[in-house]
Each structure stands twice: as structure tokens, then as C-alpha cells.
Amino acid sequence: SREVYLHNPWLTYTVGLHRLRESALAPQVIDHLDEEPLSLDEIHELCKMLFLGEDNDCIDLPHPRKNWNNFIRTLTILVEKEEMQWNPVKKRMTPWINLKKLQAMHSGGESSQWHKNSIHKKKPSQYQ
């Protein structure tokens, strides 16, 4: 969980996510959480998976590249509906997503200077 925190400190990496990764059944976006910061496309994919599951028709999570403010606004609503999760790094209950950290790292839908090199080395996505 510390490796995930080093690259994606905005995410509460739960025991459940860890077990999913260990099972080799995890989607690719979860599989490399501990390797590098997630791109905006991957953050969108992960948030849809965590909060909407297969019921993507009820709520539309805007893509952060298209409209950062609407993405954060909708994500805030989704995060607030969820119960707090045990954060093994902080040793306390925290929300799934630390929205302040996420915004600090990707304010306005752009990558912060701190993560710019690793995020923008990834393949372009269909959302650009």
C-alpha cells in the first residue's frame, strides 16, 4: 500500500483492492497502481469502476479531460455517498478519494509539474 501511496496518494488503497490485484482478476488500471501515477483517463476509469460499477447508466461521470470542474463536482457527490475506508498507510478511516490531493496533482484537468513526466509518457487515449 505504500507503493500505491507514493504514486497515487489521493487513493485509499484498501485490503479489498489489494486482494483483487493479487487474484489476477483486476482490471489493468488497478494492476499498475503501484508502478506510476495514473493518467486522467485511468483515474476516470478507476472512479467509474469504484463508484458506478456496471450501473453506468444512472449517473454520468464526466471525463476530467473534457470538463475538470464537472468531473470533480460529480466525484465529490459519489465519494460523499460512500462509507469511509480503512487506510493502511494513515492507519485511520479515510474516504476512497482524497479530492484535495487529486486536485493538487491534476488541477484543472492538467497534470501538475510534479507528475507531468510520468503521466504524459503514456499512450494517448480516445478521450483526447
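This is a predicted model: local features need pLDDT of at least 70, side-chain atom pairs count only at pLDDT 80 or more; totals for chains, interfaces and linings use all residues.
**Exercise 1. Describe the cavity whose lining includes Pro88**.

Solution. 

Step 1. Define the search. On a 1 Å grid over the protein atoms alone, a cavity is a set of points where a 1.4 Å probe fits but cannot get out, and lining residues have an atom within 4 Å of a point. Grid points are joined across faces, edges and corners, and a volume is the space filled by probe spheres set on the points.

Step 2. Count and size. One cavity of 30 Å³ or more is found in the whole structure. The largest cavity has a volume of about 40 Å³.

Step 3. Read the lining. Ser1, Val4, Tyr5, Leu11, Thr12, Tyr13, Asn87, Pro88 and Val89 line the largest cavity. Sorted by class, this lining has six nonpolar, three polar and no charged residues. For this sorting, Ala, Val, Leu, Ile, Met, Phe, Trp, Tyr, Cys and Pro count as nonpolar, Asp, Glu, Lys and Arg as charged, and the others, Gly among them, as polar.

**Exercise 2. Outline the chain and its largest nonpolar core**.

Solution. 

Step 1. The protein chain has seven helices and two strands, in the order α-α-α-α-α-β-β-α-α along the sequence. Of its 128 residues, 41% are buried.

Step 2. A nonpolar core is a set of buried Ala, Val, Leu, Ile, Met, Phe, Trp, Tyr and Cys residues joined through side-chain atoms within 4.5 Å. The largest one has 28 residues, and those with the most contacts inside it are Trp10, Phe71, Leu75, Ile97 and Leu102. At least two residues of this core come from each of α3 (28–31), α4 (40–51), α5 (68–81) and α6 (99–106). Helix α5 gives the most, with six residues.

Step 3. Take Trp10 as an example. Apart from neighbours within four places in sequence, its contacts include Leu38, Ile43, Leu46, Ile97 and Leu102.

**Exercise 3. How many salt bridges are there, and which parts of the chain do they link?**

Solution. 

Step 1. A salt bridge is a side-chain nitrogen of Lys or Arg within 4 Å of a carboxyl oxygen of Asp or Glu. By this rule there are two salt bridges.

Step 2. One of them joins the side chains of Arg21 and Asp34 (3.1 Å, N to O). Arg21 is in helix α2 (residues 15–22) and Asp34 in the loop between α3 and α4, 13 residues apart. Arg21 counts as buried at 18% relative accessibility, and Asp34 as partly exposed at 25%.

Step 3. Another joins Asp41 and Arg65 (3.1 Å, N to O). Asp41 lies in helix α4 and Arg65 in the loop between α4 and α5, so this pair ties together parts 24 residues apart in sequence. Asp41 is buried at 11% relative accessibility, whereas Arg65 is partly exposed at 28%.

**Exercise 4. Where do Ala24 and Lys91 lie, and what are their phi values?**

Solution. 

Step 1. Ala24 is placed in the loop between α2 and α3. Its phi is near 65°, a positive value in a residue other than glycine. At 67% relative accessibility, Ala24 counts as exposed.

Step 2. Lys91 lies in the loop between β1 (85–87) and β2 (92–94). Its phi is positive, about 60°, although Lys91 is not a glycine. Lys91 is exposed, with a relative accessible area of 55%.

Conventions
Residues are numbered from 1 along each chain as its sequence is written. Side-chain values use heavy atoms; hydrogens and water are left out. Buried means under 20% relative accessible area, exposed over 50%, partly exposed in between (1.4 Å probe, protein chains only). Helices (H or I, at least four residues) and strands (E, at least two) are DSSP runs, numbered from the N terminus. Contact means heavy atoms within 4.5 Å. On a 1 Å grid over the protein atoms alone, a cavity is a set of points where a 1.4 Å probe fits but cannot get out, and a pocket is an open set with protein on both sides within 12 Å along at least five of seven lines; lining residues have an atom within 4 Å of a point.
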